[in-house]
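Good morning, and thank you for joining.

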Amino acid sequence: MEKQKTLLELQNYIGGKFVVSAAYINSFDPSTGEIYCRVPDSSNEEVDSAVNAAKVAFPIWSSWSPQDRAAVMNKLADLIESHMEEFAQAESKDQGKTVTLARTLDIPRSVYNFRFFASSVLHHTTECTQMDHLNCMHYTVRTPVGVAGLISPWNLPLYLLTWKIAPAIACGNTVVAKPSEMTSVTAWMMCKLMNEAGLPPGVVNIVFGIGLRAGEALVCHPDVPIISFTGSTVTAQRIIEKSAPYCKKLSLELGGKNPAIVFEDANLDECISTTVRSSFSNQGQICLCTSRIYVQRSIYEEFLQRFVEATRKWKVCAPSDPTASMGALISENHLAKVKSYVKKALEEGATVVCGDGVDTLNIPPENQGGYFMLPTVITKLKEESCCMQEEIFGPVACVVPFDTEEEVIGKANGVKYGLAATIWTREVGRTHRVAKKLQVGLVWTNCWLVRDLNLPFGGMKASGLGREGAKDSYEFFTEVKTVTIKH
Ligand code: NAD
């Protein structure tokens, strides 16, 4: 008889303890299509219990000095770092990303998130002004808000969750976090380190489960005055609606349809290797990935030929393979959705130059049930095509020519999103001119994904509300009060 595999079963982390849930859902390994673990399907009651634990912990944690809070956060960062490889393996298995990416991006950045906010919270100051003619002085006081509800997506699971937990607790809030139901394992692993790090019970509570149940219970909880959400624009619209009766403070980091604009004076060697990375890293499932590539007509043919050549060199295989450039997409449904865009493009008369339906995917037999797709390049698309307008969130890059600076700015801005853009040029003046006119929250010139966490991060238009970063997250996770004294 075949031996039954014991499945990993996660528990909620509430008030410093692991709590078994009443109901469970399956979570899949995208690289095989097999069940990887069972995740609590948390209910209103479980969310309520987590909120209560966070409420009890709030007066204690918020009275700690920033230095003491920072010390615990640094200890947690050290502990995660000392288990780097286990975290990287789990993140890769849970999300389908290459283990190399998990090891070099996701987990190190999660460690850094705690270290960064542990340090930055020590350096904020409040304001003081005087009105001598009225014998008055004014100052501002900042206080933590209370219990923060944090909701994160599946594409950078621990990275984006810790990007919320770290500033929230650094400022003295306590939190109830809900990671994506599709990628919960590394959050659960981190909970195992919290007691050892010295985090008092109830400061960080994690409830697992689906958005419409656990997520919405958090959004609608009257004792959670602040919600930080990263995910899709459609979910954010629902969160805005559901939280409206409570007038909650909201931070929303949402989808994108990010353009790369390649001018004829670009350094093509650097531009092509970076644009392949910006289009297909994590299987194109990073909100900042490039999905529309506008190339000045005089270099369009050369760019396309070299870009396709470089794309074909990207190896799609088992995420555990150290030579893999791309792993598997998150789910069967998502794979079908991404492929449906390629189909629609063909129906609209576009050309698929390489990738899906054109080249052959070579996947080892043990990964045949996984959700793999080749990096795909499409040309001859009209601006109004759904491939040019909608967020595909997969390994699909649309390459189109342009003639003038003015024309390309109009096209780049001609979508509902406004998250990020990349400009490739050697002309400094053009960089400033174009950057200023692009309706996006982030502009990279001659690079991609280079971030200084001190600076604001976030999108315009349907890409979000609010900004994250050292100062912005501090402002979001604290309430400000102006005090005036007549002397
Ligand atoms: P999603 O909106 O489906 O889910 C995100 C999270 O919200 C999950 O934890 C989910 O369970 C939860 N959720 C779903 N419905 C909910 C509801 N009604 N109430 C409360 N919570 C709910 O997004 P996703 O598919 O997990 O992630 C992909 C999306 O995230 C893409 O659009 C991508 O661009 C975006 N994203 C944005 C950023 C950014 O910083 N701007 C970063 C990463 C991902």
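This is a predicted model: local features need pLDDT of at least 70, side-chain atom pairs count only at pLDDT 80 or more; totals for chains, interfaces and linings use all residues.

Which residues come nearest to the ligand? There are 30 residues around the ligand, and those that come nearest are Ser152, Glu181, Thr235, Leu254 and Glu391.

Let me turn to the composition of this shell. By class, 14 of the residues are nonpolar, 10 are polar and six are charged. Both domains take part: domain 1 (8–254 + 463–486) and domain 2 (258–457) each contribute at least three residues.

As for secondary structure, at least two shell residues come from each of α7 (211–219), β11 (226–230) and α8 (233–243). Which element gives the most? That is α7, with five residues.

Glutamate 181, already named among the nearest residues, places a polar side-chain atom 2.6 Å from a ligand oxygen. For tryptophan 154, a polar side-chain atom lies 2.8 Å from an oxygen atom of the ligand. Glycine 231 takes part through its backbone, with an N or O atom 3.3 Å from a ligand oxygen.

How much of the ligand does the protein bury? Taken alone, the ligand exposes 850 Å², and the protein buries 91% of that. Finally, the space that the ligand takes is the largest pocket.

Technical notes: Residues are numbered from 1 along each chain as its sequence is written. Side-chain values use heavy atoms; hydrogens and water are left out. A residue is near a molecule or strand if one of its heavy atoms lies within 4 Å of it. A polar contact is a pair of N or O atoms within 3.5 Å; within protein, one must be able to donate a hydrogen and the other to accept it, and residues adjacent in sequence count only if both atoms are side-chain atoms. Accessible areas come from the Shrake-Rupley method with a 1.4 Å probe; for residues, only the protein chains shown count as cover. On a 1 Å grid over the protein atoms alone, a cavity is a set of points where a 1.4 Å probe fits but cannot get out, and a pocket is an open set with protein on both sides within 12 Å along at least five of seven lines; lining residues have an atom within 4 Å of a point. A molecule sits in a cavity or pocket if more than half of its atoms lie within 2 Å of its grid points. Helices (H or I, at least four residues) and strands (E, at least two) are DSSP runs, numbered from the N terminus. Ala, Val, Leu, Ile, Met, Phe, Trp, Tyr, Cys and Pro count as nonpolar, Asp, Glu, Lys and Arg as charged, and the others, Gly among them, as polar. Domain bounds come from an automatic or database domain assignment.
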